Amino acid sequence: MDQAKIKEALKSVVEPTFEDNIVKLRMVGKIEVDGTSALVTIKLPTPAYPSVSKQQLESDVVAAVKGAGASKVVVKYTIEVAHSPAPSDKALLKGPKNVIAVAAGKGGVGKSTVATNLALALARHGAQVGILDTDVFGPSIPTMLGNPEQPAGPTDDKKIRPAIHYGIKVMSVGFFVDKQEAVVWRGPMVHRLLQQLLGDVEWGELDYLICDLPPGTGDVQLSLSQLIPINGSVMVTTPQEVSIIDVVKGISMFEKVEIPITGIVENMAYYQCPACGHHDEIFSRGGGKRLSQEIGVPFLGEIPIDTRIRYGADSGAPIVISSPDSVHSRMFMDIASQVAMHIAKPIVKAPKRSTRLAVIK
Ligand SMILES: Nc1ncnc2c1ncn2[C@@H]1O[C@H](COP(=O)(O)OP(=O)(O)OP(=O)(O)O)[C@@H](O)[C@H]1O
Ligand SMILES: [Mg+2]
């Protein structure tokens, strides 16, 4: 038994989300052999790697290596967050390895709630995360995160430091505009503001930057797609037809501006009364899943309508923080894993060179 034989045997182990063998996916790290004992290091592409997949991977790796003649197999894990290519010196955004937009065709379907809990869930999984609130028309991230301290003044190199709250870095248009004031933003102003927000903020190293978008298919979406490479997007919809129709428009716009659609989250999917257990599908159910099947994009998960989720958003302590062990919090943790895996998928599957060519802007 030697390293080459073990590596050959590991070609039979398929990663369930990436649907390819772990050798080809470059997930196999150091292999150490000592007599008939083997230690195999597996490189995971995200700290949010799903625990079910990890268990499956581990038993498949052990079986394959035993099949190659080992009597004892130890599997060790390291995390190397899959990321798009390093940006050029001229790029506006330098620190974040992955940029994920949270969008919807419609207002009020829960984009900001999903964006906030997704960011916090990724951080709870162990990732370095930032959230950027680009909703110039109604920034709600500061409220949802309990009004984190506004960032301190510019650093020596005139960069703005994001606030740090609940372990994530936070930047919002809301830090710069009066809450009461109705702001009328024209396209070029939106573009300049975003340019400044993106270029002047010192994010530092981040595994994921989550961008919360305003509803629809307007200036913010267009400017953002022109200013930075976005390598994934989460489309939020409620189950009913009017929301689905609008999210289809959102997806169509993202395809035109070449923002990859990572998947769909169905929010307010059903209501379960916490007192009596009565189950009600207020806005119908399953529209998001059906759409994902129709257009062939991943379904990332569903979240019910629940007072505790609304309260968490209003009170500045999102459910992932205020009730980390609740069933809803676990749903967001699962969605975060799904998002991280589907963001990683095209990166780990592509031959190295073409990934670079595909993502550079
Ligand atoms: N699953 C849920 N259960 C209960 N309330 C929810 C849920 N999701 C969102 N809400 C509530 O619905 C309202 C709208 O949510 P949110 O602000 O996240 O939507 P949005 O799509 O970002 O809105 P906008 O288009 O104005 O940016 C908020 O009061 C939020 O607390
Ligand atoms: Mg919002």
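Where is the place of Ser140, in which loop? Here are a few friendly notes, beginning with the ground rules.

1. **Ground rules.** This is a predicted model, in which local features need pLDDT of at least 70, side-chain atom pairs count only at pLDDT 80 or more, and totals for chains, interfaces and linings use all residues. Residues are numbered from 1 along each chain as its sequence is written, while chains are lettered from A and ligands numbered from 1 in the order in which they are written.

2. **Ser140.** To settle the opening question, Ser140 sits in the loop between strand 7 (129–133) and helix 4 (141–144). Helices (H or I, at least four residues) and strands (E, at least two) are DSSP runs, numbered from the N terminus. Ser140 counts as partly exposed because it has 19 C-beta neighbours inside 10 Å. The scale is this: a residue is buried if 20 or more other C-beta atoms lie within 10 Å of its own, exposed if 12 or fewer, and partly exposed in between, with C-beta atoms placed from the backbone. Leaving aside neighbours within four places in sequence, Ser140 is in contact with Ser112 and Asp135. Contact here means that the C-beta atoms of two residues, placed from the backbone, lie within 7 Å.

3. **The ligand shell.** Around ligand 1 there are 22 residues, of which Gly107, Gly110, Ser112, Thr113 and Arg310 come nearest. A residue is near a molecule if its C-beta atom, placed from the backbone, lies within 6 Å of it. Two or more residues of the shell come from each of helix 3 (111–125), strand 12 (263–272), strand 14 (299–305) and helix 9 (307–315). Which element gives the most to the shell around ligand 1? That is helix 9, with four residues. By type, the shell divides into nine nonpolar, eight polar and five charged residues. In this scheme Ala, Val, Leu, Ile, Met, Phe, Trp, Tyr, Cys and Pro count as nonpolar, Asp, Glu, Lys and Arg as charged, and the others, Gly among them, as polar.

4. **Helix 3 against helix 11.** The axes of helix 3 and helix 11 (residues 327–349) come within 8 Å and cross at roughly 80 degrees. Helix 3 is therefore roughly perpendicular to helix 11. Angles of 65 to 115 degrees count as roughly perpendicular, under 35 as roughly parallel, over 145 as roughly antiparallel and the rest as oblique. The axes are lines fitted to C-alpha atoms, for helices over the stretch in contact, and angles run from 0 to 180 degrees between N-to-C directions. On the helix 3 side the meeting residues are Asn117, Leu118, Ala121, Leu122, Arg124 and His125, and on the helix 11 side Phe332, Met333, Ile335, Ala336, Val339 and Ala340. Nine residues of this contact are nonpolar, two polar and one charged.

5. **Val102.** Val102 belongs to strand 6 (residues 99–103). Val102 counts as buried because it has 27 C-beta neighbours inside 10 Å. Beyond neighbours within four places in sequence, its contacts include Lys111, Val114, Ala115 and Leu118, as well as Ile210, Cys211, Asp212 and Leu213.

6. **Two domains.** The protein is divided into domain 1 (3–79) and domain 2 (99–359), with bounds that come from an automatic or database domain assignment. Their C-alpha centres lie 33 Å apart. At the meeting of the two, 11 residues of domain 1 are in contact with 12 residues of domain 2. The side of domain 1 that touches domain 2 divides into seven nonpolar, two polar and two charged residues.

7. **Positive phi: worth a look.** Two residues other than glycine have positive phi: Glu19, near 50 degrees, and Tyr166, at about 50 degrees. Glu19 is found in the loop between strand 1 (14–15) and strand 2 (20–21), and counts as exposed because it has 10 C-beta neighbours inside 10 Å. Tyr166 lies in the loop between strand 8 (163–165) and strand 9 (168–172), and is buried, with 20 other C-beta atoms within 10 Å.

8. **Ala70.** Ala70 is in the loop between helix 2 (51–67) and strand 5 (72–79). Is Ala70 buried or exposed? Ala70 counts as buried, with 23 C-beta neighbours inside 10 Å. Ala70 and Ile309 are 239 residues apart in sequence and 50 Å apart in space, C-alpha to C-alpha.
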